[in-house]
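Please walk through the structure shown below, from the chains to their helices and then to the contact between them.

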Amino acid sequence: MTKFIGKRLVNVVITLFIASIIIFTLTEVMPGDVAQMILGQYATPESLEALRAQLGLDKSPVLRYRDWIWGVMHGDLGTSLSMKGVSISNLLIRRGRNSLFLAVCATVFLVPLSLVLGVIAGLREGSWLDHIISTSSLIALSMPSFISGTFLMLIFAVWLKIVPAMSSIEPGANLFSVFPRLILPIVTVSLVLLGYVARMVRASVIDASHSDYARTAVLKGLPRLKVVWHILRNALMPTVTVIAMNLGWLIGGLVIVETLFAFPGLGRLVYVAIQRQDIPMIQASVLLTSAVYLLLNLASDIIYTFLDPRIRY
Amino acid sequence: MGLLVRKVKNLFNVLKRLSNSSLGMIGMTIITLWIVVALLGPIIAPYAPTAYHPQDRFNPPSWKYPFGTDRFGRDMFSRVILGSRSVLILASSATALSLVLGSSIGLITGFLGGIVDEAVMRFMDILMSFPALLFAMLILGIFGPSSFGVITVIGLVYAPRIARVARSAVLEVKQKEFIEAAKVRGESKLYIMFVELLPNIWGPLGVEASVRFGYAIFLSASLGFLGLGVQPPTPDWGLLMKEAQSYISWAPWMAIFPALAIASLVVAVNFLADAIRKYEAGEL
């Protein structure tokens, strides 16, 4: 087990290393001159030259990559170009915390709900309730977040006026105290996974109830509740992996949802950095999100091996 | 001629089986409808999608402008109608690209096996370990947003996933006797891959392609919404949604109609894809 985790960790590190090279190379070929961007149109050639030297832009790409990755390993991600002088590490921590709050709330909301829906649909296979749940979860999972978010916004914020349409919050505000503003983004970012997990749970419940052990349990006259317990124990195991594996999806979903609702999170930071061509910020935020994504995948693998004693590495 | 008749009959049979799924039929109808709308676009649209009507800015839906107008007084109905073109073209080209790339990679690595297979699949794993949207945003942000960029990037993002499906299908078919027979006959590797193997993995590839088409619409619309896809003033559903955001509370029609358009198309594609999956699994 330890060996397996160790091996997978090494894998993650290698993948991240390759990712850092890809990200650096891509931002390297980005058109536009950083020094010109900072100093503006009317800078003199001398001052441009001086700034390039100060930023280390006159060094070779290999040396600059080394400096960058050295900084990353020591927690120094440099300063933002578009927000003058702001330390990227601090910004990432602040925004990351906001996004994490959103992601945790979404998980707490969607996991129990999708389990319940999936189990009900699976145990009542073919009934009208099953049709309603299956069809609406298919609709939920196929809808891009900015569409479902817009519908929710129009209904609950513009029409019914129960919650505000925008989720912008002041820096340093307590997220719990502004919770009503976060309801729409939380529900929106959950919807795709909610539909997906519900369908997965339904399918594995159906699989389990058609299995030999379930039939034996019914035939030997076990009460319905005990049969259901047998089915659920076996059906829910693969679901845990499905959930863990797809939590990474939340990262992509957060970019859209945070942009739609103007929520100051990591996803919107990536978007703004790309829009403003803020190279150090792009490098840091993309690398961080990739790392989170990879670690989530690793976590799902480890959980899977813990849950299923048949799998041994 | 006989072959053609048989192929048509075959297709007819598949459609008949698919019609057992009512959701699949709903999906197919809506998709056909949007394709017709896209083809007839300029005939249906009452105005040019980029024509300004400065005296009619932010008009709510009326007989003159069925879906209302935007901040330049452009007719939203015409913009939604012609916006169907970009989403259909982008998503289908991207799916086609990823299908060609992915199935070639899957065929070659699955058939050859060995170290090439191992190396290529490891690389695919690495590519797949990044969130698709993030990767697409990074590439388009760097090389500049364009329709061509959207097609390429979505094609590249989904190719490894299709390669995976193609490869595992190949590994199964490879064991069959007719492949042995072809080897004994002395057919070239290329012949075996593309003439013997490929026709036998259409099933799983078709299922995967239909699912990917849904994702491609999802992703291209999302990129359009972020302003990284089709550029203004060309109408594109994702872009229309982006333009509507700032006016959502007092010109909601600018958002409602493009949103309904995208929703109907993605849901239709997923209904159809689900029916195709059930058909392949023998549930229909």
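Chain A contains 13 helices and zero strands. Read from the N terminus, its elements are α-α-α-α-α-α-α-α-α-α-α-α-α. The model is a predicted one, and every value given here is computed from it. Along the principal axes, the C-alpha trace of chain A spans about 90 × 55 × 30 Å. Chain A has 313 residues, and 36% of them are buried. Of the contacts in chain A between residues at least 6 apart in sequence, 69% join residues at least 24 apart.

Chain B has 11 helices and zero strands, in the order α-α-α-α-α-α-α-α-α-α-α from the N terminus. Its C-alpha atoms fill a box of roughly 75 × 45 × 30 Å along the principal axes. Buried residues account for 44% of the 284 residues of chain B. Where contacts in chain B link residues at least 6 apart in sequence, 71% of them join residues at least 24 apart.

Helix packing comes next. Two packed helices are described by the angle between their axes and the distance between the axes. In chain A, helix α8 (residues 179-209) and helix α11 (residues 249-261) pack at an angle of about 145°, with their axes 10 Å apart. The crossing of α8(A) and α11(A) is right-handed. On the α8(A) side the residues are A:L184, A:P185, A:T188, A:V189, A:V192 and A:L193, and they meet A:W249, A:L250, A:G253, A:L254, A:V257 and A:F261 in α11(A). By class, this contact of α8(A) with α11(A) has 10 nonpolar, two polar and no charged residues.

In chain B, the axes of helix α3 (residues 76-112) and helix α6 (residues 147-173) come within 5 Å and cross at roughly 35°. The crossing of α3(B) and α6(B) is also described as right-handed. The residues of the contact of α3(B) with α6(B) divide into 20 nonpolar, 10 polar and three charged.

Two further helices of chain B can be checked for their length. For α9(B), 24 residues at 1.5 Å a residue should span 34 Å, and the end C-alpha atoms are 33 Å apart, which agrees. Of those 24 residues, 18 are buried, and α9(B) is thus mostly covered. After α9(B) comes B:G227, with a positive phi near 80°. The 28 residues of α11(B) reach 41 Å from the first C-alpha to the last, close to the 40 Å expected at 1.5 Å a residue. α11(B) is mostly covered, with 20 of its 28 residues buried. Just after α11(B), B:G282 has a positive phi of about 75°.

Where do the two chains meet? The contact involves 32 residues of chain B and 36 residues of chain A. On chain B, α5 (132-143), α9 (202-225) and α11 (253-280) each supply at least two residues of the side that touches chain A. The largest share of that side, 10 residues, comes from α11(B). By class, the side of chain B that touches chain A has 25 nonpolar residues, six polar and one charged.

A:T150 is placed in helix α7 (residues 145-159) of chain A. A:T150 has 26 C-beta neighbours inside 10 Å and therefore counts as buried, the cut-off being 20 or more. Leaving out residues up to four places away in sequence, A:T150 touches B:M241, B:A255 and B:A259. Within chain A, A:T150 and A:A244 are 94 residues apart in sequence, and their C-alpha atoms are 27 Å apart in space.

The largest nonpolar core has 152 residues. Those with the most contacts inside this core are A:V197, B:L134, B:A136, B:M137, B:I154 and B:I217. The largest share of the core, 17 residues, comes from α11(B), the helix that also supplies the largest share of the side of chain B that touches chain A. Which residues does B:A136 touch, not counting residues up to four places away in sequence? They are B:V153, B:I154, B:V157, B:L219 and B:L223.

Notes:
Residues numbered from 1 in each chain as written. Chains lettered and ligands numbered in written order. Predicted model: local features only at pLDDT ≥ 70, side-chain atom pairs only at ≥ 80, totals over all residues. Contact = placed C-beta atoms within 7 Å. Helix = DSSP H or I, 4+ residues; strand = E, 2+ residues; numbered from the N terminus. Nonpolar A, V, L, I, M, F, W, Y, C, P; charged D, E, K, R; others polar. Expected span 1.5 Å × (residues − 1). Buried ≥ 20, exposed ≤ 12 C-beta atoms within 10 Å, placed from the backbone. Axes fitted to C-alpha atoms, helices over the stretch in contact; angles between N-to-C directions. Left-handed = near helix turned anticlockwise from the far one by under 90°. Core = buried A, V, L, I, M, F, W, Y, C linked by C-beta atoms within 7 Å.
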